[in-house]
Amino acid sequence: MKLEELIEYLDYKDLVNFKSVEVSGISYNSQTTKKGDIFICLAGEHTDGHEYAQMAIDNGAVALLVERPLDIKIPQVVVSNTRHKIADIADRFYSRPSLGLNLIGITGTNGKTTVTHLIQRIFEENNQKCALIGTLGYKLSSNGEYRDAKHTTPQAPELQATLRMIKDVEKIDNVVMEVSSHALEQNRVGGCRFDGAVFTNLTQDHLDYHITMENYFNAKAILFKNLKEGCFAVINIDDAYGERFLNVVPEGVRKYTYGVKNTADVMAKDIEFSLNGAEFTLVTKDGEYKVSLHMNGMFSVYNVLAAITTAIAQGIEIKTALKALENVKGVAGRFEVVAKKPLVIVDYAHTPDGLENVLNSAREITPKDGHLICLFGCGGDRDATKRPKMGAIAERIADKIVITSDNPRSEDPQQIITDIIAGLKSTDPEKVTVEPDRGRAIELLKTISGNNDVIVIAGKGHEDYQILKDRTIHFDDREEARKVFEGTAV
């Protein structure tokens, strides 16, 4: 594509050394820049892409997108914010792929991954292909393999290239995508035309980045504010922010609500939990339906309601949606049972609300003569204010807790643990065990549990790595737990 075509609709400030060149790719990493690329000089928290422009040119870049003109004799397009404009460049370069897709965005603190998987299953039960993009990577069918993704929502060039591939190569018309607050704030999904948006919940997370809950809300709200007439919005009306999300949805967008506590378009009542899963009565304007799930916990009920409401918004029959959902065994690392005696559950819960939901759900299925045990830690270089809150939640709900490392990153694991302990009322060794080494902590579970106990290993879920100060190692909670509880592993 010619440079002048690429920037035809771009809101730029100036053109420097401009001439017509052929652009054959987009790069924002000077080390991987290829011949013919336009290099985007991203100004980040720790590095400034402008400093690497010459390296990108040496590797073949033919043009630059910059925030300030550089003393380099190459075509430069000057914009106010390269981090925002990279999305417009990518959208244009890949010929606006989302225009030809039915694109549904899922946002919220918890539940995004599960809801995207459930919606994908519903489409397939309705004999429609559906691709999924999210935390675990992207996959082209529910039975397909995950392909790598570096973020919950990829950077704009990778995202737009993936959408184009899904449409043109795989011939898939439906895409359901997790949309993180970072992606919205940084405009990584800029250029995407969403046909629908789903809100799961909003609780404390990422405040190391957003600083305040108000900023966090405003980032999530971008997804709904940008919906066009004829699109749809699905909102969890039980959430404290539900009404606020409803209020930012533009005129002409179809609104649907779901909930358990408050009156909504789609509701669940008579909810019961057992070792086998959850059962409830689904209430819609078209009638009531009995629902029996293999998934467990109140959070699973909410996730299922979100998926069913989305199906209704898409014109898919409720019975078709229920057939799909009742066959779902679960999502990797989300309340995933890895051993039976004791019952060992691995979950991704890494926020106060997420941990509380998972522990409450585990409490529902803990035998009267059994104990609920929780192993968890908190990530380093992330919002430190949630650490004592998670400690207090674990102490309040669980009978025993094991505090360990999560992904400490550049922080001292012991300091993170100290922050967690600050939220405890007591450090009675009969109830509280501290072991910074996560592998050894999981081994200790064997010595403090009995066959009738329920163990929740929280924080990492599907992750098969641990990020330490100086390196990243292979580590999978599920693998470790299966080794420890060998013989009863699922």
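Predicted model: local features only at pLDDT ≥ 70, side-chain atom pairs only at ≥ 80, totals over all residues.
**Note on strand pairing and helix packing**

1. In strand S19, lysine 400 is the bridge partner of isoleucine 373.

2. S18 and S19 belong to an open sheet of 6 strands, ordered S16-S17-S21-S18-S19-S20, with mixed pairing. Strand S16 (336-339) and strand S20 (432-434) are the edge strands, each pairing on one side only. On average, neighbouring strands of this sheet are turned by 20° against each other, direction ignored.

3. Helix H12 (residues 352-364) lies across strand S17 (343-347), S18 and strand S21 (454-458), and runs at about 155° to S18. Helix H13 (residues 386-397) lies across S18 and S19, running at about 165° to S18.

4. Strand S10 (residues 196-199) deserves a separate comment. Both of its faces are covered: Gly196 and Val198 on one side are buried, as are Ala197 and Phe199 on the other.

5. The pairing partners of S10 are as follows. Strand S6 (residues 102-107) pairs with S10 in the parallel sense over 4 bridges, and threonine 107 stands opposite phenylalanine 199 of S10. Strand S11 (residues 232-236) also runs parallel to S10, joined to it by 4 bridges. Here alanine 233 in S11 is the bridge partner of alanine 197. Both alanine 197 and phenylalanine 199 are among the buried residues of S10.

Terms used
Residues numbered from 1 in each chain as written. Heavy atoms only, no water. Buried < 20%, exposed > 50% of the residue type's maximum accessible area, 1.4 Å probe, protein only. Helix = DSSP H or I, 4+ residues; strand = E, 2+ residues; numbered from the N terminus. Pairing = 2+ DSSP bridges. Axes fitted to C-alpha atoms, helices over the stretch in contact; angles between N-to-C directions. Contact = heavy atoms within 4.5 Å.
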